[in-house]
Amino acid sequence: MRAKYLSSDKLIPLEGQRGIAAIIVAVHHFVLAFHPSISGIIADKRNDGSLVGSPFFFFINGNGAVFFFFTLSGFVLSWGYFKNPDPYRSLWSGLKRWPRLAGPVVVVCLFSALLFRADLYFYKDAGAKSGSYWMQTFGHSSFNESYPSFLTAIWQGLTTFFSGQSGVNPSLWTMVYEYYGSLIVFAAMPVLSKLGNNRSITFICMACLATIFGVSGSGLPALAGMAFMLPFIVGMGVSFAISRWEIHGVNLYLSAGILGFGIYLLGYFEPSQAYAWSSALAAASPQIAWSIIYSAGSACVIFATMTNGKIYGVMNNRLMFALGRLSFSLYLVHLLVFGSVSSWLFLHIFTNGGMPLFATTAVLCVSIALPLCYFDEWWVRYLNAKVDWLRRASARSSFSLSRMPSTAENDVERSRRS
């Protein structure tokens, strides 16, 4: 019997955690842009106050937050299917995934192109002042033009899911992995629903191992991106296990311990200090170490949240709902704010950065993310309506074809009439 707190399709605690992850990414980028010595990610800018190696690095670890995004996507995208398997659900979800993501992405790309063409980006000067090469290059942007056209922005917004190009907005580097990871989940869900429990778990474990050893053993840079597919498989595996075995009512202290351990793992960056134990794994492949440790940490956080009613209930509130609503929009717009208004403020008003610049930037990010959030919600409703119409039309067409008499039946009817 399913736990009462899991009866709703709206997983507000998980959506709220997505919002927290988006905030962590924004904080990570803010520190990297304006105070690179604090994070310690840039080795030659690291000082004694850097957080790398400490579990507190979790609060500014944008890398761990991105892997949490991916793991959470694997869980959420498959959760509804495993509760109510529908042979056509994964197909329609897969078809809808690209336009669902592309709508707000194109809007943000157009906004960024407008900032470029109006000469309102100041990230080069701000990065030179703060000593952040990452900021000077606009997050290692792959875009070489100074003033991208609006057509270029639209094209990049539509195709970043296939090409991985993200020069107009560096945050879009994750979209290609989000899209292909989602397709892997949609393709695997029907397979898992047909297999028994043991075979399904074996299938998931084999997929994880194939991703890990296939990438780390290949030595091919082209396959390095496959490391980002692991969290999607792990998230789907957690979703399958909880829904298939109806895991709930886990002891509060055990769940809290699992949650804390997950947060600790998400504070990892390199095998030093509190994470020295990971040296062998990181030596084999630093990227695979990230993938394994962050996927495991994300799985722990999701599992603890979904299997204990008290933890779920604490996070099932309006604040988490609001954070979930803003998460995607905040992720898309924050670097545009950093590169334009925040950089100008850093150069001319809040020259020391710090809390004044951070507070002002936070207000600006939320102010710009809100309209995009409303557009995103409208866009999702519009797509859902169109997809529902197509599904009904397809169902009616299939029903009509099934009711058509066969050739043999027509021959019999003509013989009877004659």
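Predicted model: local features only at pLDDT ≥ 70, side-chain atom pairs only at ≥ 80, totals over all residues.
**Exercise 1. A residue in helix H3**

Leaving aside its neighbours within four places in sequence, which residues is Val 66 in contact with?

*Solution.* Begin with the location: Val 66 belongs to helix H3. Next, consider its accessibility, which is 5% in relative terms, and since buried means under 20%, Val 66 counts as buried. Then look for partners beyond four places in sequence, and you will find Val 25, Trp 173 and Thr 174 in contact with Val 66.

**Exercise 2. The chain as a whole**

State how many helices and strands the protein chain has, and then describe its burial and its contacts.

*Solution.* Counting the elements gives 17 helices and 0 strands. Turning to burial, 48% of the 418 residues in the protein chain count as buried. For the contacts, consider those with a separation of 6 or more in the protein chain: residues 24 or more positions apart account for 79% of them.

**Exercise 3. The nonpolar cores**

Find the residues that touch the most other members of the largest nonpolar core, and identify the helix that gives the most to this core.

*Solution.* The largest nonpolar core has 94 residues, and those touching the most other members are Phe 34, Phe 69, Phe 75, Val 105, Ile 302, Met 306 and Leu 332. The helix that gives the most to this core is H15, which covers residues 318–348 and provides 12 residues. Now follow Ile 302 in detail: if residues up to four places away in sequence are not counted, Ile 302 touches Leu 14, Phe 68, Thr 71, Leu 72, Phe 75 and Val 238. Lastly, another core of 6 residues lies apart from the largest one, and its members include Val 27, Val 31, Val 52 and Ile 60.

**Exercise 4. Aromatic pairs and charges over rings**

Decide how the rings of Tyr 268 and Tyr 294 are arranged, and explain which parts of the chain this pair ties together.

*Solution.* As background, the structure holds 41 aromatic pairs. One of them is formed by Phe 58 and Phe 59, whose rings are edge-to-face, with 5.2 Å from centre to centre and 75° between the planes. Phe 58 has a relative accessible area of 16%, so this residue is buried.

For Tyr 268 and Tyr 294, the ring centres are 6.2 Å apart and the planes stand at 65°; because planes over 60 degrees apart count as edge-to-face, this pair is edge-to-face as well. Tyr 268 is in the loop between helix H11 (252–265) and helix H12 (279–284), whereas Tyr 294 is in helix H13 (residues 286–306), so the pair ties together parts that are 26 residues apart in sequence. Both tyrosines are buried.

Rings can also be examined for a charge over the face. Arg 117 lies over the face of Phe 150, 6.0 Å from the ring centre, and Lys 129 lies over the face of Phe 346, 4.5 Å from the ring centre.

**Exercise 5. The largest pocket**

Give the volume of the largest pocket, and work out which helix supplies the largest share of its lining.

*Solution.* The volume of the largest pocket is about 1600 Å³. Its lining is made by 39 residues, of which Glu 15, Arg 18, Val 76, Arg 100 and Val 380 are the closest to the centre. Several helices supply at least two lining residues each, among them helix H1 (12–34), helix H4 (89–117) and helix H16 (354–403). The largest share, 9 residues, comes from H3.

**Exercise 6. Positive phi angles**

Locate Asp 119 and Glu 246, and say whether each is buried, exposed or partly exposed.

*Solution.* Most residues other than glycine have a negative phi. Asp 119, although not a glycine, has a positive phi of about 60°; its place is in the loop between H4 and helix H5 (123–130), and at 48% relative accessibility it counts as partly exposed. Glu 246, also not a glycine, has a positive phi of about 50°; Glu 246 is in the loop between helix H10 (230–245) and H11, and with a relative accessibility of 35% Glu 246 counts as partly exposed.

How values were computed: Residues numbered from 1 in each chain as written. Heavy atoms only, no water. Core = buried A, V, L, I, M, F, W, Y, C linked by side-chain atoms within 4.5 Å. Buried < 20%, exposed > 50% of the residue type's maximum accessible area, 1.4 Å probe, protein only. Helix = DSSP H or I, 4+ residues; strand = E, 2+ residues; numbered from the N terminus. Contact = heavy atoms within 4.5 Å. Phe/Tyr/Trp six-rings, centres within 6.5 Å; stacked < 30°, edge-to-face > 60°. Lys NZ or Arg CZ within 6 Å of the ring centre and 35° of its normal. 1 Å grid on protein atoms, 1.4 Å probe; cavity = no way out; pocket = protein on both sides within 12 Å on 5 of 7 lines; lining within 4 Å. Points joined across faces, edges and corners; volume = space filled by probe spheres on them.
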